[in-house]
Amino acid sequence: MNSRKQATCVFFSNGVGDHVLCLPALRALGEVLNGEFVLAYPVGPQGFIFDDLKVHRTVQIPFESGATFEPKVAASLIGKVDRFVSLTSWMSPSLSGLISELRPTWSLGFFPEFQRQIALDFGIHSADLAFQIPRDLTGGLRLEDFSARIPLPEEAVRKAIDLRIMMGPGTRILAVHNETRQRKMWDAELFESTIRAFLDSHSDFVALSIGMKPANFGHDRIIECNGILPLSQSFSLVAHADYFLGVDSCMLHVADFARVPSVGLFGPTNAREFGFRLGPHITIQALGGMEQIRGSQVSAALESIVENSNQRTVQLV
């Protein structure tokens, strides 16, 4: 009698922020599948996000661009599997080719190419959309039960704590981040002037500017961490801040998972789908482009979240 366990591959690919948003779903799958699955995701520096997963093996797939990769290469890295589960909210010829190469006896995902198809509902939060996959396998699961802070390397945590100690007792930290696709970024001059005005009103605050591109604020209480830190260290600084100000990006999701009281700025993307899901926040949702958000509105939101750090508010502008 053949008692071989069925092998499962769980596939995911999207931006770094989406890796954060799918974390509850992957944690739940770890419990549902008892860790007996191979996790396949794109090559990149974001692998530490999955460090606390209950998983048999992880595989990093080399992507060429967008949703394009070589199916035969991916299949050889994954190996033989009986079941294929996809958390991706997109379908591509490469993904179809991978399914053909693997030839699973059963598959689950959001498109007709899968044996079992889940409704692709962009009207719910992206984290909840991904969570539909484990919930389909085991009813009654709650996303909140799998939404602990993002695991961070010990060294990254230690450096963030060391920075807080260096700031001295009583100093509060505002992490700020304005890097993403151009259409989702707020005006750089408004962003800087708003931070400066906030610091002028709060002598006990220091701002940490987080990002990949160099910055030049030229302010003695704006510490520019841009372009000099690995991703895990930037995540850790945001997760250990007292407050966060930023746009729709991976750092906003880090702040949310760490329950850092935050102000988030949204324009062309919908905060209902990509905004805060777990922590306290004030969301400013422009009904058009980011240019509709005024500095006075962001300043007022910062003052409000500092005064009442337990609120969950959405402001339409």
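In this predicted model, the second largest pocket has a volume of about 300 Å³, a pocket being an open set of points on a 1 Å grid over the protein atoms alone, with protein on both sides within 12 Å along at least five of seven lines. Its lining, defined as residues with an atom within 4 Å of a point, comprises 17 residues, of which N178, A188, A215, F217 and N226 lie nearest the centre. Strand 9 (172-177) and helix 7 (188-201) each give two or more residues to this lining, and helix 7 gives the most, with 3 residues. Residues are numbered from 1 along each chain as its sequence is written. Because the model is predicted, local features need pLDDT of at least 70 and side-chain atom pairs count only at pLDDT 80 or more, while totals for chains, interfaces and linings use all residues; side-chain values use heavy atoms, with hydrogens and water left out.

The largest pocket holds about 1,200 Å³ of space, and among its 46 lining residues G15, V16, G17, D18 and C250 are the closest to the centre. Helix 1 provides the largest share of this lining, 5 residues.

Salt bridges, each a side-chain nitrogen of Lys or Arg within 4 Å of a carboxyl oxygen of Asp or Glu, number 12. In one of them, R116 pairs with D136, with the closest N and O atoms 2.7 Å apart; R116 lies in strand 8 (residues 116-117) and D136 in helix 5, so the pair ties together parts that are 20 residues apart in sequence. R277 forms a salt bridge with D128 at 2.7 Å, N to O, and because R277 lies in the loop between helix 10 and strand 14 whereas D128 belongs to helix 5, parts that are 149 residues apart in sequence are tied together. D128 counts as buried, at 15% relative accessibility, where buried means under 20% relative accessible area, exposed over 50%, and partly exposed in between (1.4 Å probe, protein chains only). R277 is partly exposed, at 25%, and forms a further salt bridge with E144, for which the closest N and O atoms are 3.0 Å apart. Through salt bridges that share partners, D128, R142, E144, D145 and R277 are joined into one network.

On the surface, L287, V314 and L316 form a nonpolar patch with about 340 Å² of accessible area together; such patches consist of residues with over 30% relative accessible area and no salt bridge, nonpolar side chains being joined within 5 Å and like charges within 9 Å. L287 is found in the loop between strand 14 (281-285) and helix 11 (295-307).

Note on methods. Accessible areas come from the Shrake-Rupley method with a 1.4 Å probe; for residues, only the protein chains shown count as cover. Helices (H or I, at least four residues) and strands (E, at least two) are DSSP runs, numbered from the N terminus. On a 1 Å grid over the protein atoms alone, a cavity is a set of points where a 1.4 Å probe fits but cannot get out, and a pocket is an open set with protein on both sides within 12 Å along at least five of seven lines; lining residues have an atom within 4 Å of a point. Grid points are joined across faces, edges and corners, and a volume is the space filled by probe spheres set on the points.
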